[in-house]
Amino acid sequence: MLVNRRTFMVKPGKMDEVKKLVVDYARERGNLSSGSGQRILTGLVGPFDVLVLESDHENLAAYERFWAEVFDHPSAEAFFQKWNMCIESGGTNEIWEETRIMP
């Protein structure tokens, strides 16, 4: 299992807007075949104005299909125009391999 963790610097005062934007876009896309789990994380303690998006994928091919579906969706352009109004430059894109300790 792979976990893709992407961090974004959110413009001050835009956190609620960007979280709603992500949730609404995910709902609009429906259940994508290659994404088995998606999470939004925001800090209770830690850096301010940081949003973390995580998605789970069976393998690298599933990860690539997932992001192709995200970017190829008919409403992607409108989503990313709004997204870019809420996000600062910077952040990270990491892929982690998960090893389960317990089932």
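**Reading the fold and its core**

Tutor: Let us begin with contacts along the chain, bearing in mind that this model is predicted. Among contacts in the protein with a separation of 6 or more, 75% join residues 24 or more positions apart.

Student: Which elements does the protein have, and how do they run from the N terminus on?

Tutor: The protein has 3 helices and 4 strands. From the N terminus on, their order is β-α-β-β-α-α-β. The radius of gyration is 14 Å, close to the 13 Å that the globule rule gives for 103 residues, so the protein is as compact as a globular protein of that length. Along the principal axes, the C-alpha atoms fill a box of roughly 40 × 35 × 20 Å.

Student: Which residues of the largest nonpolar core touch the most other members?

Tutor: In soluble globular proteins, nonpolar side chains tend to be buried together. Here, the largest nonpolar core has 18 residues, of which Val10, Val18, Leu51, Leu53, Trp83 and Ile87 touch the most other members. At least two residues of this core come from each of helix H1 (15-29), strand E3 (50-57), helix H2 (60-72) and helix H3 (76-86). H1 gives the largest share, 5 residues.

Student: What is Val18 in contact with, leaving aside its neighbours within four places in sequence?

Tutor: With those neighbours left aside, Val18 is in contact with Val10, Leu51, Trp83, Cys86 and Ile87.

Definitions and conventions. Residues are numbered from 1 along each chain as its sequence is written. This is a predicted model: local features need pLDDT of at least 70, side-chain atom pairs count only at pLDDT 80 or more; totals for chains, interfaces and linings use all residues. Side-chain values use heavy atoms; hydrogens and water are left out. A nonpolar core is a set of buried Ala, Val, Leu, Ile, Met, Phe, Trp, Tyr and Cys residues joined through side-chain atoms within 4.5 Å. Buried means under 20% relative accessible area, exposed over 50%, partly exposed in between (1.4 Å probe, protein chains only). Contact means heavy atoms within 4.5 Å. The radius of gyration is taken over C-alpha atoms; the globule rule is 2.2 Å times the number of residues to the power 0.38.
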